[in-house]
Amino acid sequence: MIKMVSFAKRKVGMAVEDFQNYWLTTHADKAKIYPGLRRYTISLTLTSGYRKGEPSYDGVAELSFDDMAAFENARQSPQFEDGVADLGNFIDLGTRGMILTGEHVIKEGPMPPDGVKNIEFVTQKPGMPHDDFRRYWREVHGPLASKISVIQRYVQSHTCPELYQDGGTPVFDGVALTWFNGTDDMRVSATLPEYTATREDEVNFLGSEELPFIITREHIIVP
């Protein structure tokens, strides 16, 4: 399965509520008919996240296809072209980013219907081979984070190796997705020793800069 992860800020001057409503209705109706689309979710930054200023992104879309060929087929379709043409109606195109990823479920569990989803954009440690980074994140760091009891579900989306070919430099090397029953549980997680161990391990495979993240509510469009 190949998953396209797309992220952006809203169009300049557009109210958050109008942006979210447009994405969930007008744009979602265009995107959900892409050929071969298996799953489509829109995760929107909680409105409470704007109290301290602008978040890194206003939302994230995840669109899954059977494989790269299926994605390329969709990308060349008139439906996809129509969806891309619509982006400028609600997104600041200068802030839009996209990576193609492979998904690894680290902690199997339910997606709480009234819960929250934390999305963290990951950049690997400079000089670390991509294969070593992916292996460490999945096999060493992942099991550490999965021990944080209040995390209901944990998925790693690793940027596809194809994006690094011919000197390619994807904007991020992956995305970490964690689901919680609510923001209270997120605050609790930061007090746990398992969380401390997880954070201390990050120097072993991540870059030194602070990673952007958003706290969202997930909306499942397809299926």
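Predicted model: local features only at pLDDT ≥ 70, side-chain atom pairs only at ≥ 80, totals over all residues.
Biologist: Let me start with one residue. Where in the chain is Y34 placed?

Modeller: Y34 sits in the loop between α1 (16-31) and β2 (39-45).

Biologist: Is Y34 buried or exposed, and why?

Modeller: Anything under 20% relative accessible area is called buried. Y34 has 7% relative accessibility, so it counts as buried.

Biologist: Which residues is Y34 in contact with, leaving aside its neighbours within four places in sequence?

Modeller: They are L63, Q79, F80, G83 and V84. Keep F80 and G83 in mind, as they come back with helix α3 (residues 78-86), where both are buried.

Biologist: Then let us take that helix now. How do I read a helix with buried residues?

Modeller: Begin with the general idea: an α-helix has 3.6 residues a turn, so residues three or four places apart point the same way. In α3, the buried residues are F80, G83 and D86. Viewed down the helix axis, they fall within an arc of 120°, so they line one face of α3.

Biologist: Which residues of α3 are exposed on the other side?

Modeller: P78, E81 and A85 are exposed there. As for the buried residues of α3, their cover includes β1, α1 and α2.

Biologist: Now the nonpolar cores. Which residues of the largest one touch the most other members?

Modeller: This core has 27 residues, and the ones to look for are F19, W23, L37, Y40, L63, F65 and F90. At least two residues each come from β1 (2-8), α1, β2, β3 (59-65) and α2 (68-75). The element that gives the most is α1, with 5 residues.

Biologist: Could we zoom in on one member? What does L37 touch, not counting residues up to four places away in sequence?

Modeller: L37 touches A31, K32, L63, S64, F65 and V222. Apart from this core lies another one, of 18 residues, with W137, A145, I151 and Y154 among them.

Biologist: My last topic is empty space. How is it found?

Modeller: Rolling a probe the size of a water molecule over the atoms shows where empty space is left. Here, the largest pocket has a volume of about 1,200 Å³. Its lining consists of 42 residues, and N118, M186, Y195, F213 and I215 lie nearest the centre.

Biologist: Which element supplies the largest share of the lining of the largest pocket, and how do the lining residues divide?

Modeller: The largest share comes from α5, with 4 residues. By class, the lining has 20 nonpolar, 13 polar and 9 charged residues.

Biologist: How does the second largest pocket look?

Modeller: Its volume is about 190 Å³. Of its 17 lining residues, K3, R39, E62, S64 and E103 are the closest to the centre. β4 (97-107) gives the most to this lining, with 3 residues. The lining divides into 6 nonpolar, 4 polar and 7 charged residues.

Biologist: And how many cavities of 30 Å³ or more are there?

Modeller: The count comes to 1. The largest cavity has a volume of about 160 Å³. Among its 19 lining residues, M4, S6, H27, L87 and R96 lie nearest the centre. Here β1 supplies the largest share, 4 residues, and the lining has 14 nonpolar, 4 polar and 1 charged residues.

Note on methods:
Residues numbered from 1 in each chain as written. Heavy atoms only, no water. Buried < 20%, exposed > 50% of the residue type's maximum accessible area, 1.4 Å probe, protein only. Contact = heavy atoms within 4.5 Å. Core = buried A, V, L, I, M, F, W, Y, C linked by side-chain atoms within 4.5 Å. Arc of directions from axis to C-beta. 1 Å grid on protein atoms, 1.4 Å probe; cavity = no way out; pocket = protein on both sides within 12 Å on 5 of 7 lines; lining within 4 Å. Points joined across faces, edges and corners; volume = space filled by probe spheres on them. Nonpolar A, V, L, I, M, F, W, Y, C, P; charged D, E, K, R; others polar.
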